[in-house]
Structures are given as C-alpha cells and as structure tokens.
Amino acid sequence: MALIEFNDEYFMKQAFKEAQHAFDEGEVPIGAVIVCNNKIIARAHNQTERLNDVTAHAEILAYTSATEYIGSKYLKKCTLYVTLEPCAMCAGACSWSQISNIVYGASDPKKGFTSVGSNMLHPKTVVKSGIMKVVCGEIIKQFFEAKR
C-alpha cells in the first residue's frame, strides 16, 4: 500500500477537481481548498452564476466553510490552494482571515492581486505560485474559448 504524500501538488490537484466541477456547471473554472494540518477543511468552486452573487468566488466560499469548521474568523495555521491567482477582493479576504499561506496555480495578469500590489495580503502570509500552472491555466483558456 502506497502512502499518500501530502504536498502542494496533491492539494492543488484537489483544488483542480473543484475547478472541474465549476467548469461542468458553466462557472468560471476556479477551485479552492483550505488545508490545516494536512487535512482539507474546506472545498469550493466558483458559484457566481448559480448563486447570482458576484462575491461567490471559490476562495470566499472556501473561507466561509473553513471558518465555520474551525470556529474562528482567523485561519492563521491554514493554507489556501487555489487554481488561479486570487483577485483583489479575494486577496483582501485573505488578509482579513490572516491565512498563513496561499498557493496558487496559474497567474492572472489582468485581475490577479499581484497586478494591483502584493501588499494587499497580511504581512505574515507566505505566497507560492506556479503549482500545476499549465493545467490550471488551460482549463480557464478552454472555458473562455468555448464562450466565444
């Protein structure tokens, strides 16, 4: 029996599964999971169309679920894995949650928080990018090509 290696790629694959759910539902395919002590405590994907809510981004929905699970508004010992670089709104939520780490797949040069300025995050938050960036970027590209 093989042991599962809990690493960034493993958790990004879980976030990608959420992005695939969003794609299948006609939502912009972004998925997120929040991990604490190598355990996924929240899973979410974009639901802006389904909920008719512009704030129903994967990250926001995952934060709501994670804070309910933990019983605290702060996620100081957690990591957010998200398939696309968070937008300014989601980066602001990251800051308020005081999440320890953000790991994202594909960059978003148009609406990602780094295009606005990375000082939007909590000063102690560590950011890592590029995990599975090709597949995370490809699903977004496929989604918008199908819309045109």
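**Sheet, core and charged pairs in a predicted model**

Residues are numbered from 1 along each chain as its sequence is written, and side-chain values use heavy atoms, with hydrogens and water left out. Because the model is predicted, local features need pLDDT of at least 70 and side-chain atom pairs count only at pLDDT 80 or more, while totals for chains, interfaces and linings use all residues.

Helices (H or I, at least four residues) and strands (E, at least two) are DSSP runs, numbered from the N terminus. Strands β1 and β2 pair in the antiparallel sense over six bridges; two strands count as paired if DSSP finds at least two bridges between them.

The next stop is the interior. A nonpolar core is a set of buried Ala, Val, Leu, Ile, Met, Phe, Trp, Tyr and Cys residues joined through side-chain atoms within 4.5 Å. Buried means under 20% relative accessible area, exposed over 50%, and partly exposed in between (1.4 Å probe, protein chains only). The largest nonpolar core has 36 residues, and Met12, Ile34, Leu80, Tyr81 and Ile99 have the most contacts inside it. At least two residues of this core come from each of several elements, among them α1 (8-24), β1 (31-36), β3 (78-84) and α6 (133-147). Beyond its neighbours within four places in sequence, Met12 is in contact (heavy atoms within 4.5 Å) with residues including Tyr81, Val103, Ile131 and Cys136.

Charged side chains come next. A salt bridge is a side-chain nitrogen of Lys or Arg within 4 Å of a carboxyl oxygen of Asp or Glu, and the count by this rule comes to two. In one of them, Lys128 is joined to Asp8, with the closest N and O atoms 2.6 Å apart. Lys128 lies in strand β5 and Asp8 in helix α1, so this pair ties together parts that are 120 residues apart in sequence. Lys128 is partly exposed at 41% relative accessibility, whereas Asp8 is buried at 18%. Lys13 forms a salt bridge with Glu9, the closest N and O atoms being 3.6 Å apart. Because Lys13 and Glu9 are four residues apart in helix α1, about one helical turn separates them.

What about the cysteines? A disulfide is a pair of cysteine sulfur atoms within 2.5 Å, and a search of the whole structure finds zero of them. For Cys78, the nearest cysteine sulfur is that of Cys36, 3.9 Å away. Cys78 is buried, at 1% relative accessibility. For Cys94, the nearest cysteine sulfur belongs to Cys90 and is 6.8 Å away; Cys94 is likewise buried, at 1%.
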